[in-house]
Amino acid sequence: VTEYFGMCRDISDLKATEEQLARETKKAQEVETVKNAFLRNMSYEIRTPLNSVVGFADLIEEEHDVADEQFFIEEIKKNSRSLLNLVNNILFISRLDAGMIEFKTAPVDFAAIFEGRCQSAWMDLKQPGVDYIVDNPYERLVLDIDQTNLGVVIDHIVTNAVQHTTSGSVRARYDYNGEDLTVSVQDTGTGIPADQTDKIFDRFVTIDSDNSGLGLAICKEVVKLMGGKIRLKSEYGKGTIVWVSIPCT
């Protein structure tokens, strides 16, 4: 042997490119999976209430007992509201995905608007035998918050609680610790099975057939974009509590 020759090559850039390509490939596959799930779920979710509206409208036109008309009308109204809520959720989550939701903060007296927001969310969903309670610990609390998008989150978690509670109570409250506004909604409803708790904030995950599974997914993404956190604790058959914490001054 008269000579040795060696070469050292830095492949850091190549490896970084390969890792980036792998991430983008995985992301594209996830987007495709979500898109397919979206189309599959929406095909079912939209047609179900729409078929009910068309079906009961047809029954009104046919020969029927006048005493049944009120039932037909209530079913049409109920399914129309369900369809409208579903379309609104689809449009909202599409705007989230496209980065079209604007977040703007402004001084708001949260103590003045909180109870009204809760009352509005459960107005048409109240059931006999259930207590609906709002705890308002402040006479006046002016916070620099995004009232519109935080209102969307409150609407969803309150509505979820009310829809799954047929006895006991639904309690909404908030507090401020100098840095974070924390809103909590606690119910004594059906609760969430343990194997569903970790997935309940994913899109299209729901524990019943009357829910599209978009509400909590919207909450999670909106709260994250506002720099906050959302948590949930539930016991199946006993109830659920959801906390939303938003940093604000």
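This chat goes through the salt bridges, a helix pair and the sheets of a predicted model.

Me: What kind of model is this, and how are residues numbered?
Reply: The model is predicted: local features need pLDDT of at least 70, side-chain atom pairs count only at pLDDT 80 or more, and totals for chains, interfaces and linings use all residues. Residues are numbered from 1 along each chain as its sequence is written, and side-chain values use heavy atoms, with hydrogens and water left out.

Me: OK, how many salt bridges?
Reply: The count is 10 salt bridges. A salt bridge here is a side-chain nitrogen of Lys or Arg within 4 Å of a carboxyl oxygen of Asp or Glu.

Me: Which residue does Glu-18 pair with?
Reply: Lys-15. Their closest N and O atoms are 3.7 Å apart.

Me: How accessible is Glu-18?
Reply: Glu-18 is partly exposed, at 41% relative accessible area. Lys-15 is partly exposed too, at 40%. The cut-offs: buried is under 20%, exposed is over 50%, and partly exposed is in between (1.4 Å probe, protein chains only).

Me: What about Lys-77?
Reply: Lys-77 forms a salt bridge with Glu-74, with the closest N and O atoms 4.0 Å apart. These two are 3 residues apart in helix α2 (residues 69-97), so again about one helical turn lies between them.

Me: And Lys-104 with Glu-102, exposed or buried?
Reply: Both are exposed. Their side chains meet in a salt bridge at 3.4 Å, N to O.

Me: Switching to helices. How do α2 and α6 pack?
Reply: Helix α2 and helix α6 (residues 215-225) pack at about 35°, with axes 11 Å apart. Axes are lines fitted to C-alpha atoms, for helices over the stretch in contact, and angles run from 0 to 180 degrees between N-to-C directions.

Me: Which residues meet there?
Reply: In α2, Asn-89, Phe-92, Ile-93, Leu-96 and Asp-97. In α6, Ala-217, Ile-218, Glu-221, Val-222 and Leu-225. Contact means heavy atoms within 4.5 Å.

Me: Now the sheet. What is the strand order?
Reply: The order is β2-β4-β5-β7-β6, in an open sheet of 5 strands with mixed pairing. Two strands pair if DSSP finds at least two bridges between them.

Me: Which strands are at the edges?
Reply: β2 (130-135) and β6 (229-235). Each has a single partner strand, so one side of each has no neighbour in the sheet.

Me: How do β5 and β7 run?
Reply: Antiparallel. Strand β5 (residues 180-187) and strand β7 (residues 239-247) are joined by 8 bridges. Val-185 stands opposite Val-242 in β7.

Me: Which strands does α3 touch?
Reply: Helix α3 (residues 110-122) packs on the sheet and touches β2, β4 (168-176) and β5. Its direction makes about 160° with that of β2. Helix α6 also packs on the sheet, touching β6 and β7.

Me: And β1, what does it pair with?
Reply: Strand β1 (residues 106-109) pairs with β3 in the antiparallel sense, over 4 bridges. Pro-107 stands opposite Asp-144 in β3.

Me: Which face of β3 is covered?
Reply: The face with Leu-143 and Ile-145 is covered. Val-142 and Asp-144 make up the uncovered one.
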